[in-house]
Amino acid sequence: MRLWSVCLKTLWAPLFLTHRHYLNGGSMNGLVMKSTVPNTLTFLFGFFLLFVNVSELSAQQSTTNQTAKPIVDIRIGYLRAYEPQLALSVLDIPPRDEGVAGANVAINDNNTTGKFLGQQFTLDITETKFNADLTSAFKEMVARGDRFILTDVSAKQLLAIADLAKDAGVLLFNVGSTDDILREEECRSNIFHTAPTRSMLADGLAQYLVWKQWRKWVLLYGSHDNDKLYADAIRRAATRFGATIVEERLYEDNGTARRTDSGVVLVQQQMPVFTQNLPEHDVVIVADESEVFGSYVPYRTWTPRPVAGTAGLVASSWHPASEQWGGVQIQNRFAKTTGRRMLSKDMQAWTAVRILGEAVTRAKSAETKQVEDYIKSDEFSIAAFKGQKLSFRNWNWQLRQPILIGDGHSVVSTSPQTGFLHQFSELDTLGVDRPETKCKLK
């Protein structure tokens, strides 16, 4: 009402002044008539435009209020088995938030664009212990509304909930386990794997060693199950790419204390003896996922040779020093958010959350079936700062991805290496290819 009053006063003021001037004997042919009449017309025209604009603005606001979309909440669960872990070096002890930190950064990335699309992503974290029964924890997550769940658990734990997830219409994203069995004999149609397999890691390392013409290998492996699985992957890679394992040696875990005051002295004496009298070889490959002896091998072998595997030159899905292909962008964003550098498991979790963000946007739906259909379609791909778009292998739902080869300070190389060709994708030279697979999706 106040706006209309101001407009009316503005409109009639010139007319009133003109009329008063005339009654007081002013000339109608003088300066007054020449100045007020045009002004009156100008005000009339301005009033008309003001009326139209105000009406249009009111109509636009009304239309916006009527068509505003409600916010869609996409809940993503994160189920992890966590216990403090030992390592031969304090620098190798995993951060408390390993993996979870990457997922949180991706949640923020999703919400940056999601706020323009009416989407709100949230992360629901549940922790359990190694080898614990996950059934009740999983059911609680489903009851809270989690229909997409990232898992960082053992292969046995993941298989225990895989069928429950399928019955509940839940998609699982394996961001932690590298066990090949999850993609082969025990593969599932509702589990997507952003973590690479041991065979992919071993193949990535083997390609680089063969490219360097280091074809004669010595294999030192630990006595724990995971160590033996990695050793199996190394043996497979040697056969696949034309290398020769000239000798193998088993390092038994006798349960001795790690990082004791006398440890360095003992190790300095033990490792040369353990690696003595080996056949002629180019490189020593260590298979010690359990962190019992592997970090003690570099610089302590009887014969001076490069060390690779789980120590020395290591193959991984990500490297904290990777800055190629825009990697500096995600590295800086991650460091600013968490105060540390990005590790492989962080990238694997980040990729899984970003896959869901991309799928929800492209499918224009947060419904599980529509999201699953889009991820499994030929149109799907995801950018993950690795030089090319990544996609899933449709025979076991393993994410194709380059493997980074690096030491403790820098990225040395990236596999697949030049010259390792494939009829469909060079990325399929890493890990189990379609003709080799034992997967029959359930």
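Select Cys-187 and Cys-439 to begin: both residues are buried, where buried means under 20% relative accessible area, exposed over 50% and partly exposed in between, with a 1.4 Å probe and protein chains only. Their sulfur atoms lie 2.1 Å apart and form a disulfide, a term used here for a pair of cysteine sulfur atoms within 2.5 Å. By this rule the count comes to one disulfide. With 100° about the S-S bond, the link of Cys-187 and Cys-439 is right-handed. The pair links distant parts of the chain, since Cys-187 sits in the loop between β4 and β5 (191-193) and Cys-439 in the segment after β14 (411-415), 252 residues apart.

Before going on, note that this is a predicted model, in which local features need pLDDT of at least 70 and side-chain atom pairs count only at pLDDT 80 or more, whereas totals for chains, interfaces and linings use all residues. Residues are numbered from 1 along each chain as its sequence is written, and side-chain values use heavy atoms, with hydrogens and water left out.

Zoom out to the whole chain and colour it by secondary structure, which shows eleven helices and 14 strands; these are DSSP runs numbered from the N terminus, helices being H or I of at least four residues and strands E of at least two. Of the 442 residues in the protein, 46% are buried. The protein exposes about 22500 Å², and carbon and sulfur atoms supply 55% of that area, as computed by the Shrake-Rupley method with a 1.4 Å probe, where for residues only the protein chains shown count as cover.

Next, select Ile-76, Leu-150, Phe-173, Trp-350, Val-371, Ile-375 and Phe-392, which touch the most other members of the 40-residue largest nonpolar core. Such a core is a set of buried Ala, Val, Leu, Ile, Met, Phe, Trp, Tyr and Cys residues joined through side-chain atoms within 4.5 Å. Elements that each supply at least two residues of this core include β1 (72-81), α3 (100-117), β3 (148-152) and α10 (344-363), and the largest share, nine residues, comes from α10. Centre the view on Val-371 and, not counting residues up to four places away in sequence, Val-371 touches Phe-148, Leu-171, Leu-356, Ala-359, Val-360, Ser-365 and Ala-366, a contact being heavy atoms within 4.5 Å.

Then move to Leu-209, in helix α6 (residues 198-211), which is buried with a relative accessible area of 0%. Leaving aside neighbours within four places in sequence, Leu-209 is in contact with Trp-214, Trp-217, Val-283 and Ile-285. A distance label between the C-alpha atoms of Leu-209 and Val-283 gives 8.5 Å, although 74 residues separate them along the chain.

Finally, turn to the loop between β1 and α3, where Val-90 is placed and where Pro-95 also lies. Val-90 is exposed, with a relative accessible area of 54%. Together, Val-90, Leu-91 and Ile-93 make a nonpolar surface patch of about 310 Å². Pro-95 is in contact with Arg-340 and Leu-343, once its neighbours within four places in sequence are left aside. The C-alpha atoms of Pro-95 and Arg-340 are separated by 9.1 Å, with the two residues 245 apart along the chain.

Note on methods
Patch = residues over 30% accessible without salt bridge, like charges linked within 9 Å, V, L, I, M, F, W, Y side chains within 5 Å. Salt bridge = Lys/Arg side-chain N within 4 Å of Asp/Glu carboxyl O.
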